Amino acid sequence: MPVKNHANAILAFVLVAGLALLFLPELAHAANSLGLGNPEVTGQPRTGFLMWIQDRQAEFYKLLTGEMKAMREDGSHVVGLIGLSFAYGIFHAAGPGHGKAVISAYMLANEVAAKRGIVLSFASAFMQALTAIIAVAALALVLRGAGYKLQDATRWLEIASYAGVTLLGAWLLYAKITGRGHSHAHHGHAHGSHDHGHSHGHDHSDHAHHHHDHHAGHDHGPGEKCNAVDSEGSHAHLHAPDPSMLEKDFSLRQAWTAILAVGLRPCSGALIVLTFAFLNGLYFAGIAATLAMAIGTGITVASLAALAVWAKDAAVRISSANDSAAVVHRSIEIVGALMVFGFGAILLAATLQS
Amino acid sequence: MSKASSGRRENQLLKRGVLCLAATMAPASAAFAHPHVMVEANLEILRDESGNVTELRHVWRFDELFSTTVLLDFDANANNVLEPAELASVSETVTQSIAEQDFFTEVRVGDQTIDFKPPQKVMVDFVDGQVLMFFSLGFEKPLASTAAAFKVSVSDPTYYVAMEIADESAVQVTGKGAACGVEIARPDFDQLMSQNQETLTEQFFNDPKNDGLGDEWLTWITLKCQ
């Protein structure tokens, strides 16, 4: 049914394009309007909606700074500070918006397990927190007066981060197009209409390993009952078992590259809070607030990563009704890889220009 | 039959997914635009002998958290105070940067946008842990303050800085002429949002470079003279 095929393919791509659009404003990037402080995603069009958001966020920022200032007189404000920092992390979806963009696109390109997306999201959020803590500690405590600026350090970290994302994208793209390490030997029979009976009883406690491994040795036939409710179950049979150690390392290295590339660019909110905290001797409060932000950020990014997996899964499932699953799956992976590469390249170019 | 109906259900699911995505898109995008700097903005509207407006004088006080990041980066001798040479370095950077954003200032007489002369430089000070900035914007031709439609808005077009005019006392009208006060009209975001709900998201994606946002979204200072 070619007509239906087309309709489904279009729907699937609308879904993926929707995800791509989610990150579009990311591309408006420049040095901030004051030329002081940390680089920030700015240069955005003045829209009413953004004005409204800004109004809300300014109130929120006031609460956060108020609590931070109150810390100087009364240490019990640390509780409020941690709570607000956590909320800041969730709502600001990471000062570095690139985290959610890159991780979600990476999920489209390379992952089928929502669980792994969650682990990747939190790992990269904590990596960002660590980068911020190390950067501010180095400049405020160790190198104070040595002529280095946090502003410049942040810029270099940002450049390194975006270069890392670009390389990751190029790597994924190469792997997806050549079929190396992924996507080979798909068999596209209809999955939508019947269930498969392998129940994955095992827990994916080692999140780093490649998803292909779980299915080595699984043999399933039509009519069996499938207990797996997460996306792994519905995707599993699209992949030929391939337990090779090489692939496992390959995927693990890609995951670490994603975490490092995203995590190298610290969140501006964390930098501001840490700077104030460290210069006022509030070390514990600064670090606690930063970690709380990381947890909040992790939650937002993880939700989007899970959404990316769900969208990809839905697109593949729908197209599997008419035997185009393998093509759709592969296409989405290539689009995901392209997105990772595109974000990296454009952000890198914008940062180098500013 | 089961295959067909399941396919239809999936299609519905997918459509719902697309809608859901669209709904999450706008706020997620907006989250990029968060202010990291709060400024208490004060304004002096200066008039000449005949009571016409010749100049706007800005005085901005930056929040303490942002101010410490400036301190960290510009305090070359690490004594926790910014001295004249260090302040001059801040001034140079700021003057250049805000010039690209029209000094965060918009002036209207009626529907007309009024140009102003850029300041020589933005003066910077550091008092009690807070960065202060002062500068003047002069007009080529004095503007009649009695013109009912004279108004000024102070805001950062990039959203990086949240500029806040606390109340009417933050604005002074000085010089000769009739006694003048000011009125501050703030946008009612909730009302604007509900009015524009249907067109906003559409606008946002169809015309992402649109900067023709209506004046009703800005806070305006209007002169009220007797």
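Accessible areas come from the Shrake-Rupley method with a 1.4 Å probe, and for residues only the protein chains shown count as cover. The model is predicted: local features need pLDDT of at least 70 and side-chain atom pairs pLDDT 80 or more, while totals for chains, interfaces and linings use all residues. Residues are numbered from 1 along each chain as its sequence is written, chains are lettered from A and ligands numbered from 1 in the order written, and side-chain values use heavy atoms, without hydrogens and water.

Q: What share of the accessible surface of chain B belongs to carbon and sulfur atoms?
A: The accessible surface of chain B comes to about 11000 Å². The part of this surface that belongs to carbon and sulfur atoms is 49%.

Q: How much of chain B is buried?
A: A residue is buried under 20% relative accessible area, exposed over 50% and partly exposed in between (1.4 Å probe, protein chains only). Chain B has 226 residues. The buried ones make up 49%.

Q: Is Phe103(B) buried or exposed?
A: Phe103(B) lies in the loop between H3 and strand S3 (105–109) of chain B; helices (H or I, at least four residues) and strands (E, at least two) are DSSP runs, numbered from the N terminus. Phe103(B) is not a glycine, but has a positive phi of about 55°. Because its relative accessibility is 5%, Phe103(B) counts as buried.

Q: How does Asn80(B) count in terms of accessibility?
A: Asn80(B) sits in the loop between helix H2 (64–74) and helix H3 (84–99) of chain B. Its phi is near 65°, a positive value in a residue other than glycine. Its relative accessibility is 41%, so Asn80(B) counts as partly exposed.

Q: Which backbone nitrogen does the side chain of Thr166(A) reach?
A: Thr166(A) belongs to helix H6 (residues 150–178) of chain A, and is buried at a relative accessible area of 14%. Beyond its neighbours within four places in sequence, it is in contact (heavy atoms within 4.5 Å) with residues including Phe341(A) and Leu348(A). At 3.2 Å, its side chain reaches the backbone nitrogen of Ala345(A).

Q: Which residues have the most contacts inside the largest nonpolar core?
A: A nonpolar core is a set of buried Ala, Val, Leu, Ile, Met, Phe, Trp, Tyr and Cys residues joined through side-chain atoms within 4.5 Å. The largest one has 86 residues, and helix H9 (residues 268–279) of chain A gives the largest share, 9 residues. Those with the most contacts inside this core are Leu34(A) and Trp60(B).

Conventions: Polar contact = N/O pair within 3.5 Å; in protein donor to acceptor, adjacent residues only side chain to side chain.
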